[in-house]
Amino acid sequence: MTATAARTRHAELVAQIRAHDHAYYVLAQPTVSDSEYDRLYRALVDLERQFPELLTPDSPTQRVGGAPLDKFKPVRHSQPMLSLDNTYSPAELIEFVQRVQRLLPNKTLEWTVEPKVDGVAVTLRYEQGLLTLGATRGDGATGDDVTANLKTVRSVPLRLLVPPASTHTRNAPQQELFDPARGPAVALPTLIEVRGEVFMTKSGFAQLNAQRAAASEETFANPRNATAGALKQLDPRVTAARPLDLIVYGAGRSEGWSAPGRQSELLERLRALGLKTPEHCWLCRSTDELLAAIADLDRRRADLGYETDGAVIKLNSFALRQQCGATAKAPRWAIAYKYAAAQAQTRLRRITVQVGRTGALTPVAELEPVTLAGSTISRATLHNADEIRRKDIRVGDHVLIEKAGEVIPAVVKALTEKRTGQEQVFPFPKSCPECGSRISRDSTAGEANVVWRCTNPDCPAQVRGRLEHWCARSAMDLEGGGEALIVQLVKTGLVRDVADLYRLRLDELAALERMGEKSARNFLASIEASKTRDLWRLIFGLGILHVGAGVAKSLARHFASLDDLLEASHKTLSQIDDVGDVIAASVHAWCNDPDHRRLLERLRQAGLNLRSELYAPAATARPWAGKTFVLTGTLPTLTRDQATAQIEALGATVASSVSKKTDYVVAGAEPGSKLDKAHKLGLRILDEAEFLRLCREAAGPR
Ligand code: AMP
Ligand code: ZN
């Protein structure tokens with residue numbers, strides 16, 4: 001290919017991919033199949049490898065790049081990023097409207113109502129359409145330069161679209177929505193600072209937490225903390241692996257275009273530039289209309305893919321906003337209306353601190369039981385030590401608890417007006433409550449998610465956690481190895497690590513409390529059976545940081561045996577599917593720890609299978625590589641595990657929830673809500689017979 005031809009081809013590919021990205025991530029209306037998209041993307045990567053001079057910073061291949069930073073550069077905002085004042089009732093809202101009306105006598109006021117997206121505020125600077133800077137709000141005057149992290153967010157355009165000219169003139173809409181298709185003619189501004197909220201969708205958050213739990217990592221308390229943690233990462237590759245999204249709702253400085261005069265117009269223009277704006281917006285001209293819009297949004301809130309904690313009410317006209325001005329903290333022309341979360345009051349009896357298998361200390365509020373959103377709550381999370389201090393929550397306090405969205409119940413605040421003086425400040429343990437060892441502070445998941453960890457690998461709580469994980473059905477599947485038995489095994493000193501399980505004798509087991517000879521024999525039988533489990537289960541069962549079942553399977557596909565895995569270099573590991581730098585480092589360090597080597601040696605001596613049935617060198621066909629299946633209901637003949645094994649053997653993955661990215665849903669008797677969702681999304685749904693036929697076709701003649 002000549003250099004000129006390459007340049008033309010490059011421009012074509014970039015334009016196509018950019019348009020597909022926009023359709024998929026911004027409009028949620030995919031225009032190509034995944035495989036077609038992958039083909040275009042690979043073609044672009046190849047072309048840029050051949051002609052490196054074509055590589056530009058706004059190429060779709062440049063979302064994840066660059067080395068990790070040492071720290072973030074501070075960014076001074078050209079216009080302050082203000083906060084919003086809050087209202088909690090219609091009366092307060094009416095007061096706000098009257099206040100603004102007094103500032104603007106004789107003016108007819110028009111308002112917009114938008115969802116208040118519960119995420120992290122950011123600003124994005126585009127110069128000549130090119131993304132040149134992305135920053136967090138920080139203290140409002142100065143934030144952090146997180147450009148590299150924001151580039152990994154697929155709904156953040158690296159280059160703005162040049163908006164199509166349109167001759168349409170618009171009538172002022174009534175209540176609902178600004179239609180992008182009717183957008184006015186817009187030119188590309190030479191400079192624009194766009195403001196919006198980075199957030200995690202509810203499903204992305206649930207999936208991330210499930211993955212983290214499976215990989216022995218701390219879970220996040222809510223999507224906002226998870227988002228803040230993701231943006232705080234100095235290595236953009238870590239951010240890239242987190243499901244972040246962006247919605248924009250405003251602009252700071254802008255130059256070189258005929259600037260819009262109203263919020264409603266601004267949103268249309270931003271949308272025409274390829275940015276994602278709130279999917280619901282209302283225009284209102286009276287307090288009645290405002291209250292109706294707020295109520296309408298409240299009804300739709302559950303169906304939005306992300307958490308919202310209120311509505312934002314803004315004066316539509318920018319000229320009138322100017323006249324209102326702002327306080328040091330917030331504009332006078334806008335206000336947030338906060339929806340009440342399901343809340344209840346109760347008394348905090350005690351705080352207990354649990355030690356997990358990674359040594360993390362989690363404080364838990366033990367409450368006087370109370371009903372909240374239909375269920376009885378007697379425990380709520382206090383997240384971490386910092387949170388107890390920040391909120392000054394004391395033992396004996398009356399507390400407000402809340403359950404919002406998908407999130408576990410949490411203590412919102414102490415009701416200090418109800419204090420009697422008998423309340424006690426909780427002395428967060430200075431050492432592990434389980435074993436008394438030193439604890440250390442871990443802030444790798446961001447300052448909002450600081451964890452204290454017990455540093456003693458022999459801590460009984462950690463030992464129990466590791467044994468439970470090993471025995472779990474999703475790992476080595478040792479029937480009978482539940483919590484009660486493990487507590488005894490550890491307490492009596494019979495078992496200190498997973499290898500000790502394989503030396504247990506019948507008489508030792510039978511002598512334990514509540515353990516007859518029959519249960520002892522059964523447990524020995526399941527220990528024996530676990531020796532033949534496939535290698536991926538063993539790798540997962542070891543509980544290596546960052547190694548969930550999915551990663552364990554990738555490793556088992558790549559290595560024929562445990563010995564091959566143990567010999568692998570960091571570099572080899574990092575090139576395996578699903579295994580990035582961070583996971584590779586974790587696996588490599590774990591495998592090269594002498595204590596771990598001894599443990600594995602003892603497992604080998606005990607006769608455990610160390611060969612991988614999943615082993616599939618790259619040359620073997622994986623006809624379903626890249627495809628995703630979801631299983632729901634009970635199949636007539638296959639168990640879940642058998643169906644999963646068949647799917648994985650052909651190279652596809654099994655996901656736990658249905659999304660646009662699901663290729664097939666296999667449904668049996670009594671399917672769950674997954675099936676309804678699959679119908680809604682128009683996915684291909686198979687029964688067992690169709691599924692097996694598809695498997696046979698894919699496997700080809702034998
Ligand atoms: P607060 O953090 O409670 O003071 O609320 C102000 C923040 O709300 C802003 O800094 C934004 O991050 C966020 N926000 C979320 N959605 C919107 C929206 N539609 N318009 C303006 N601000 C929003
Ligand atoms: Zn401990």
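Which residues coordinate the zinc ion (ligand 2)?

**Figure 1. The zinc ion (ligand 2) and its cysteine donors.** In this predicted model, the zinc ion (ligand 2) is held through the SG atoms of Cys-432, Cys-435, Cys-454 and Cys-459, at 2.2 to 2.4 Å. Along the sequence, these donor residues follow the spacing C-x2-C-x18-C-x4-C. The arrangement counts as tetrahedral because the 4 donor atoms around the zinc ion (ligand 2) subtend angles of 101 to 114 degrees, and a tetrahedral assignment asks that all angles lie between 85 and 135 degrees. For comparison, the ideal angle for four tetrahedral donors is 109.5 degrees.

**Figure 2. A salt bridge between Glu-114 and Lys-314.** Side chains of opposite charge can pair when their charged atoms come close. Here the side chains of Glu-114 and Lys-314 form a salt bridge, with 2.9 Å from N to O. The pair links distant parts of the chain, since Glu-114 belongs to strand 3 (residues 111-117) and Lys-314 to strand 10 (residues 308-315), 200 residues apart. Glu-114 counts as buried because its relative accessibility is 1%, and Lys-314, at 8%, counts as buried too; the cut-off for this word is under 20%.

**Figure 3. Salt bridges of Asp-235 with Arg-237 and of Glu-265 with Arg-262.** In the pair formed by Asp-235 and Arg-237, the closest N and O atoms are 3.2 Å apart. Asp-235 is buried, with a relative accessible area of 13%, whereas Arg-237 is partly exposed at 40%. The side chains of Glu-265 and Arg-262 likewise meet in a salt bridge, with 3.2 Å from N to O. Glu-265 is buried, having a relative accessible area of 15%, while Arg-262, at 39%, is partly exposed. Elsewhere, salt bridges that share partners join Asp-392, Arg-394, Asp-397 and Arg-419 into one network. A search of the whole structure finds 46 salt bridges.

**Figure 4. The division of the protein into domains.** The protein is divided into domain 1 (3-62), domain 2 (75-338), domain 3 (343-425), domain 4 (460-605) and domain 5 (619-699). Between domain 2 and domain 3, the C-alpha centres lie 32 Å apart.

Methods. Residues are numbered from 1 along each chain as its sequence is written. Chains are lettered from A and ligands numbered from 1 in the order in which they are written. This is a predicted model: local features need pLDDT of at least 70, side-chain atom pairs count only at pLDDT 80 or more; totals for chains, interfaces and linings use all residues. Side-chain values use heavy atoms; hydrogens and water are left out. Domain bounds come from an automatic or database domain assignment. A salt bridge is a side-chain nitrogen of Lys or Arg within 4 Å of a carboxyl oxygen of Asp or Glu. Helices (H or I, at least four residues) and strands (E, at least two) are DSSP runs, numbered from the N terminus. Buried means under 20% relative accessible area, exposed over 50%, partly exposed in between (1.4 Å probe, protein chains only). Donors are N, O and S atoms within 2.8 Å of the metal (3.2 Å for Na, K and Ca); water is not among the atoms, so sites may look incomplete. Four donors count as tetrahedral if all angles lie between 85 and 135 degrees; four count as square planar and six as octahedral if opposite donors are over 155 degrees apart and all others between 65 and 115; anything else is irregular.
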